Amino acid sequence: MSDWARLQEEVTSDLQQARTTSELEAIRVKYLGRKGRLTEVLRSLAKLSEGQRRLVGQEANALRDFLESALTARRQALRQKELEQTLKEERLDVTLPPIPFPLGHRHPITQTLSEVVEIFTHMGFAIADGPELETDYYNFTALNIPPDHPARDMQDTFYLTEEWLLRTHTSPVQIHVMERQSPPLRIVAPGRVFRHEAIDASHSAVFHQVEGLAVDEGISFSDLKGTLSLFVRHCFGPSVGLRFRPSYFPFTEPSAEVDVQCLLCQGTGCRTCGGSGWIEMLGAGMVHPKVFEAVHYDPERYTGFAFGLGVERIAMLKFGVEDMRLFYENDVRLLEQIPRRWAWG
Ligand code: DAH
């Protein structure tokens, strides 16, 4: 009897000392496991005489029942305590700001393209579109560059067949638009162009242009100058210098090239501007009468100006990027440095 009492006492004190559910499990194993003390007692019952077996059996079963219900009760209490502890320690502060979600943005070339187009649409130009796959006629002949004209050498062309090619500039959009519409018209045509060119810091085989065209009665070169001056001021700021240089394009007469003061060196001369302090930004001029003839416009009645600008050039100047190839490698370390949107004013 005293053995039973001692065992019961031992069990009770073990249970009281248990601090965690795993300690509780250890107690269960100690008494009720396969080699547990109570299990051993119960197993040895078989060896006892009938009378003893009943007596000991009763005691042992009672102790087992006690132990099992005590274990269950204690386990529940400890679980509750452990849960409260976890809830206390792992409390979430729902007022903490969230981890910022990285937002992407448009590619610098796309940004520049739409910024340029926007400046012109604000001036009243509509947006026009044309195919990247062109015929020799639209890309050259209709633009007063007949076969054998030396000006074809100015643009190294990807030919697909004798007739079909990848457009070398956005100027053929001028022809498409004038074939469809009669004057007055003012359009800009942004797009991709292709040249069979050796790739380096300032040349790419695929690049972007924005073409412009305005046709009406009485349009003069001063309209062209005013429009492009306004564009340059909106694009680069009011203080940047620009200059018109006489030039030659078969589809305009007279023709000019427009240079913008180099923003990287403020016009003092650097690697990007080749030491001159100026960067060539676009070609422009008054639409050649031959071009009007090709689209059956009356050159006696109408005049117009046209221009074509290089988007990569502008992006390089705006973002201070000295190597055009960086735009096409799409290294996020570069792209992430480009601001989401730029605008002067
Ligand atoms: N198409 C020319 C080029 O890619 C650029 C150009 C020059 C476009 C003069 C024009 C223009 O509309 O008038 O080099």
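Student: How many aromatic pairs does the count come to here?
Tutor: The count comes to 10 aromatic pairs, taking ring centres within 6.5 Å as a pair. Keep in mind that this is a predicted model.

Student: Which residues do ring pairs link into a cluster?
Tutor: Phe 120, Phe 125, Phe 231, Phe 305 and Phe 307 form a cluster linked by ring pairs.

Student: What lies over the face of Phe 244?
Tutor: That is Lys 225, at 5.2 Å from the ring centre of Phe 244.

Student: Back to Phe 231. Which contact of α8 with α10 is it part of, residue by residue?
Tutor: Start with the geometry. Helix α8 covers residues 221–236 and helix α10 covers residues 311–319; their axes come within 11 Å and cross at roughly 40°. On the α8 side, the contact is made by Phe 231, Cys 235 and Phe 236, and on the α10 side by Ile 314, Leu 317 and Lys 318.

Student: How many nonpolar, polar and charged residues in the contact of α8 with α10?
Tutor: There are 5 nonpolar residues, no polar ones and 1 charged.

Student: Is α10 mostly covered or mostly open?
Tutor: Mostly covered, with 7 of its 9 residues buried. The buried residues are Val 311, Glu 312, Ile 314, Ala 315, Met 316, Leu 317 and Phe 319.

Student: And what does the backbone do just after α10?
Tutor: Gly 320 comes there, with a positive phi of about 65°.

Student: Is Gln 266 buried or exposed?
Tutor: Gln 266 counts as exposed, because its relative accessibility is 59% and the cut-off is over 50%.

Student: What about Asn 330, what is its phi?
Tutor: Phi of Asn 330 is near 55°, again a positive value in a residue other than glycine. Asn 330 lies in the loop between α11 (325–329) and α12 (332–335). At 41% relative accessibility, Asn 330 counts as partly exposed.

Student: Switching to peptide bonds. What is the omega from Pro 183 to Pro 184?
Tutor: Omega is near 5° for that bond, and the bond is cis. Pro 184 is in the loop between α7 (172–180) and β4 (185–194). Most peptide bonds are trans.

Student: And what joins Glu 253 and Pro 254?
Tutor: A cis peptide bond as well, with omega about -5°. Pro 254 is in strand β7, residues 252–261.

Student: You mentioned α7. Where is His 176?
Tutor: His 176 is in helix α7. The residue is buried, with a relative accessible area of 15%.

Student: What does His 176 touch, leaving out residues up to four places away in sequence?
Tutor: With those left out, His 176 touches Pro 131, Glu 134 and Tyr 138.

Student: What does Asp 14 touch?
Tutor: Not counting residues up to four places away in sequence, Asp 14 touches Ile 27, Lys 30 and Tyr 31. Asp 14 and Ile 27 are 13 residues apart in sequence, while their C-alpha atoms are 7.1 Å apart in space.

Student: At what angle do α2 and α3 pack?
Tutor: Helix α2 (residues 21–32) and helix α3 (residues 37–44) pack at about 20°, with axes 3 Å apart. That makes α2 roughly parallel to α3. Lys 30, Tyr 31 and Leu 32 of α2 meet Arg 37, Leu 38 and Thr 39 of α3. By class, the contact has 3 nonpolar, 1 polar and 2 charged residues.

Student: How do the axes of α2 and α4 cross?
Tutor: They cross at roughly 170° and come within 9 Å, with α4 covering residues 50–89. The two helices are therefore roughly antiparallel to each other.

Student: Which residues of α2 meet α4?
Tutor: Thr 21, Leu 24, Arg 28, Tyr 31 and Leu 32 do, and their partners in α4 include Arg 64, Leu 67, Glu 68 and Leu 71. The contact of α2 with α4 divides into 6 nonpolar, 1 polar and 7 charged residues.

Methods
Residues are numbered from 1 along each chain as its sequence is written. This is a predicted model: local features need pLDDT of at least 70, side-chain atom pairs count only at pLDDT 80 or more; totals for chains, interfaces and linings use all residues. Side-chain values use heavy atoms; hydrogens and water are left out. Axes are lines fitted to C-alpha atoms, for helices over the stretch in contact, and angles run from 0 to 180 degrees between N-to-C directions. Helices (H or I, at least four residues) and strands (E, at least two) are DSSP runs, numbered from the N terminus. Contact means heavy atoms within 4.5 Å. Ala, Val, Leu, Ile, Met, Phe, Trp, Tyr, Cys and Pro count as nonpolar, Asp, Glu, Lys and Arg as charged, and the others, Gly among them, as polar. Rings of Phe, Tyr and Trp (its six-membered ring) pair if their centres lie within 6.5 Å; planes under 30 degrees apart count as stacked, over 60 as edge-to-face and the rest as tilted. A charge sits over a ring if NZ of Lys or CZ of Arg is within 6 Å of the ring centre and within 35 degrees of the ring normal. Buried means under 20% relative accessible area, exposed over 50%, partly exposed in between (1.4 Å probe, protein chains only). Angles under 35 degrees count as roughly parallel, over 145 as roughly antiparallel, 65 to 115 as roughly perpendicular and the rest as oblique.
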